[in-house]
Amino acid sequence: MAAAMAFSLLAGCGASEGTSPDAAGSSAAAESSSAEDSGNVLRVGMECAYPPFNWTQMTPEVADGITAEPIYGTDMYAYGYDVAVAQKIAEQLGMTLEIHKVEWSSIGTSLDAGVYDAVIAGMGKTAEREKAYAFTEPYYYRHNCIVVKKGGPYENVTKLSDLAGTGCKVTTQLGTGWVPLLDQIEGAVLSGNYETTSECFMAISNGVADVCVVDIPTAESAAMTNEDLKVITLDSSDTFTNDEEMVNVCIATRKDDTELRDKIQGAMDAMGWNDSAEMDKLMEETIPLQPAASV
């Protein structure tokens, strides 16, 4: 029951083929990792499959002298907005950064089991999640959009009301704050939701779905490598409501590990990492760096 609750509270960004263990094997991995001097290691869990927030690549080179981080226990590397922020925090704290790749369905149970000590994975802070985990202030503010097929019947949509009564087939990622937003599209047909955003975009490309609700950076990232996708930011006067919980993207630690949460928050404060303009600048710099096809 505890494992199920942890998953339901944390589900919200994406899923991937993870290399960190799930709940059943997390104890062994925690032992292995804690054998090091974990007191000076910032151990972070993420999917490494949610570009532009995080992705997997085969080599450490990114661009312009930027280096990806090794993924613990593998011969692969991780980069993306989350990794860049984690690097800044680790440097500010004088700690060594250790990235753990984990399936989204195990990200909460593995945190609780001590496989890693923080989640930096494009995760929105919600009231439900705050019951189980301690959160920093936002390290990114994201906004929602829709993705449709370029050249399709919905490419000229500008308002939420433009979709009303069209019978459009809608989709988004499972277990996220975007799921309730689908109900705001009047007369829409639920085509089924997916484990990953990449599957959602594939559904748009092949016509299984007409409209995907997601965040702008993820949509823009997908459009870079999928020419048949069109990203639409709906008019602010006619768009989704009650979507605030998906806006604040925060770092999570175990509920009782407020010491680490406060330590991370102190590093963010010291860096002045509360300026949305600086956050947007880093995101804009990160999006073009993703590989054509992340692993």
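Predicted model: local features only at pLDDT ≥ 70, side-chain atom pairs only at ≥ 80, totals over all residues.
Me: Hi! What is the mean pLDDT of the protein chain?
Reply: Hello! The mean is 87, and 86% of the residues reach 70 or more.

Me: And where is the pLDDT below 50?
Reply: Residues 1-12 are one such stretch, with 24 contacts in the model beyond near neighbours in sequence. Residues 14-36 are also below 50, and that stretch has 54 contacts of this kind.

Me: OK, on to Ser205. Which helix does it lie in?
Reply: Ser205 belongs to helix H6, which covers residues 197-205.

Me: Is Ser205 buried or exposed?
Reply: Ser205 counts as buried because its relative accessible area is 18%, and the cut-off for buried is under 20%.

Me: Which residues is it in contact with, leaving aside neighbours within four places in sequence?
Reply: Those are Lys149, Asp228 and Leu229.

Me: Which other residues of H6 are buried?
Reply: Besides Ser205, they are Thr197, Cys200, Phe201, Ala203 and Ile204.

Me: What about the phi of Gly207, after the helix?
Reply: Gly207 follows H6 and has a positive phi, near 85°.

Me: Switching topic: why is strand S7 largely enclosed?
Reply: Five of the six residues in S7 (residues 96-101) are buried, so the rest of the structure largely encloses this strand.

Me: How many bridges join S1 to S7?
Reply: Six, and S1 (residues 41-46) runs parallel to S7. Within this pairing, Leu42 stands opposite Leu97 of S7.

How values were computed. Residues numbered from 1 in each chain as written. Heavy atoms only, no water. Helix = DSSP H or I, 4+ residues; strand = E, 2+ residues; numbered from the N terminus. Buried < 20%, exposed > 50% of the residue type's maximum accessible area, 1.4 Å probe, protein only. Contact = heavy atoms within 4.5 Å. pLDDT = per-residue confidence, 0-100. Pairing = 2+ DSSP bridges.
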